[in-house]
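Colleague: I am new to this structure. Please take me through some of its strands and salt bridges.

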Amino acid sequence: MKKHFGIILLILILSFTVFGSLISSAEPTPRYEISDQSIEAGTSFSVIVSLQDNPGIISLKFKVNYDENCLRLDSVEDLGLLEGFTNPSPDIGSPYTLRWSNSLWSDHLSPGSTATGELIKLNFTAIASREVTTKITVSHEESYNYNGGNSINFANSEATITIKKKYSVTFYDEDGTTVISSGKYFTGDTVTLPEEPKKPNDETYKYKFTGWTPAVAETVTNTDLKYTATYTPELLSTDSSVSSLSVTGVQLDQAFSPELLQYSATVDFSVSTFEVICTTTNEFATYALDTNELKVGENIIKMTVTAENGDSRTITFVITRKQDPNYVPDKDASLRTFSASTGVLSPFFLSSQKDYLLYIENSVTSIVFEATAKSEKALSIVGTGEHAVKGDKAVISIICTAENGNTETYTITVIRLPEYNGKIPEFVFESDKPVTPPDDPTNPPDDPEDPNGNENTNNNQGGTTSPKPKKPSKTVVVIIIAASICAAISLSGIIILLIMSRKSKRK
C-alpha cells in the first residue's frame, strides 16, 4: 500500500511540475528590443529601444552601454510610451541611465501601464575613423508593478553596430567632367547603374551609347570608382520621302506617288476633321500636320516630313468642305466701327449713317481709315488703309460685303480747312451767293455806283437804299467752328512743345 502511495505521489509531483512548466512557458518574457545597424564612419544615426510583452509597470530603469571610442551619444528623445520620464543626467557617457516613474499609478488597483512599442530614441554619432564592429547594450536595472512590491524583470537586448567607410561611385559623361550620377556605397554593395545617357545629334551624326569605361564592377571594393560614358557615331539619314500615304474619311483626287507633293479632295459638310496615315521611307523620319480641322470652304493644310538630319519636305492637301445644305448666308453688310487717323468726323459714326464729312487741317497729306464689320461673317471691307489727300476736297468710299454678297457703301467727303493765319477765315459756298432775280424793266438791278461814281438810289422807294447784309449759312458756321477747333489744337500743340523744349534745356 505504501508502495502504491509513493508511486501515486510521484505521478502527482511530475504532473504538477509539467503543468507548472506549461503555464510558465505560456507566459511571455518581458524584454527590451534594439536592432543591428550598419553605419558610415562619421555619420549620425538613431537607435530605437522598444518594450515588448510588458506585464504592467509603474516604474522602469535601465542602462545603455556603448564603446565611447567608437560611438558618441548626442541626445535622447522620449517617445511617450510611458508616463513619468525623468530627465537624465546631462553627462551622457557610458553607461547611461534612463528611468520612468509614476506614483499615481499606485492609486489605481491595476498592474500599471502595459504599453508596448517604441520607448525611446538614442541619437549617436559614429566617431570611429576606421571600419569596426561595436555593441550597444540595454541592461535592465529595476521595474515594479502597481503596489511596488512585485519586481518585474525585463530581458536585456544588444545591437551590433557595424561602422564602415563608404566609397564614392561616380558616372561621368563622355567629357569626363559632367556628372551623370553619383553615390556612396559600403564595401561589397552592388552598384546601381544610372539611366542610359544620351548624346544629342549634330548636323551629320547621331550617337549610340555603347557602355562605360572601364567596365562597371558588380560590387564595390575598398576604393572610389569612376566610370565614363562612351558613344559610337552613326551618320544621320537625309531621307524625308514617304512610302505610303492615305487620309481617313477623305477620297483624294490623286493617287499616291512618292514624288507628288500636292493632293486635293472635296468632302461633305459632315466631315470636319481628318487624319493622315503616313509611312516614311526611313524609320527615323517624322511627320506632322499643321492642323486636322476643316472649315467650310477651301482648306490648305500642310504636312511636314522631317528627315533624321533635319532636312524636310512639305506635302500640301487642298481640301474643300461643302457648305451646310440648310445654311442661310448672313446678309448684314454694315460696319460696326469706323475711324480716321486725323480730322473731325461729322456726324458721329453710326452704322446706319452712310454719308460723312471729315474736316482736316491744311497740312494733312494722308489719312488712314480703319473699319470693322458688324457681322463676323462679312466677306471683305474695301477702302480702308492709307489714302493720300490732295486739293481742298476728296471723296473716299468704304465698301463692306456681306456673306451673301450684299454690299453697303459708306462715303466720306474730306474737306481741307484753309491755313490758319491768326484770323478766322471766311467761307463762301455756292449756296451762300445771292440769287439774281430775272430782269425786271420796271426795277432794274441796283449798281454799287453809277458810271459817275455816285451811289445808286431808288427813286421808286423815295430814298437811298443799300443791300442788307446776309446771314452766313449753317454750313459756313460748321466750317468756321471746325477750323477754329483745328487751329486751337495746333496752337496748343505748339505751346506744349515750347514748354517741353524749355524744360529739357533747363535740365
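Colleague: How many bridges join strand β21 to β24?

Modeller: Some background comes with this predicted model: local features need pLDDT of at least 70, side-chain atom pairs count only at pLDDT 80 or more, and totals for chains, interfaces and linings use all residues. Residues are numbered from 1 along each chain as its sequence is written, and side-chain values use heavy atoms, with hydrogens and water left out. Strands (E, at least two residues) are DSSP runs numbered from the N terminus, and two of them pair if DSSP finds at least two bridges between them. Strand β21 (residues 335-340) runs antiparallel to β24, and the number of bridges joining them is 5.

Colleague: Which residue of β24 stands opposite Thr337?

Modeller: β24 covers residues 366-373. The residue in β24 that stands opposite Thr337 is Thr372.

Colleague: What is the bridge partner of Val368 in β26?

Modeller: Strand β26 (residues 385-388) also pairs with β24, in the antiparallel sense, over 4 bridges. Val368 belongs to the uncovered face of β24, along with Ser366, Glu370 and Thr372, while the covered face has Ile367, Phe369, Ala371 and Ala373. In β26, the bridge partner of Val368 is Glu386.

Colleague: How many salt bridges does the structure hold?

Modeller: A salt bridge here is a side-chain nitrogen of Lys or Arg within 4 Å of a carboxyl oxygen of Asp or Glu. By that definition, the structure holds 9.

Colleague: How far apart in sequence are the parts that Lys135 and Glu158 tie together?

Modeller: The closest N and O atoms of the salt bridge between Lys135 and Glu158 are 3.9 Å apart. Lys135 lies in strand β9 (residues 132-144) and Glu158 in strand β10 (residues 157-164), so the parts tied together are separated in sequence by 23 residues.

Colleague: Is Lys206 buried or exposed?

Modeller: Buried means under 20% relative accessible area, exposed means over 50%, and partly exposed is in between (1.4 Å probe, protein chains only). Lys206 has a relative accessibility of 14%, so Lys206 counts as buried.

Colleague: Which strand holds Glu234, a salt-bridge partner of Lys206?

Modeller: The side chains of Glu234 and Lys206 meet at 4.0 Å, N to O. Lys206 lies in strand β13 (residues 205-213), so the pair ties together parts 28 residues apart in sequence, and the strand of Glu234 is β14 (residues 225-235).

Colleague: How far apart in sequence are the parts tied together by Glu308 and Lys206?

Modeller: Glu308 and Lys206 meet in a salt bridge of 3.0 Å, N to O. Glu308 lies in the loop between β19 (297-306) and β20 (312-321) and Lys206 in strand β13, so the separation in sequence is 102 residues.
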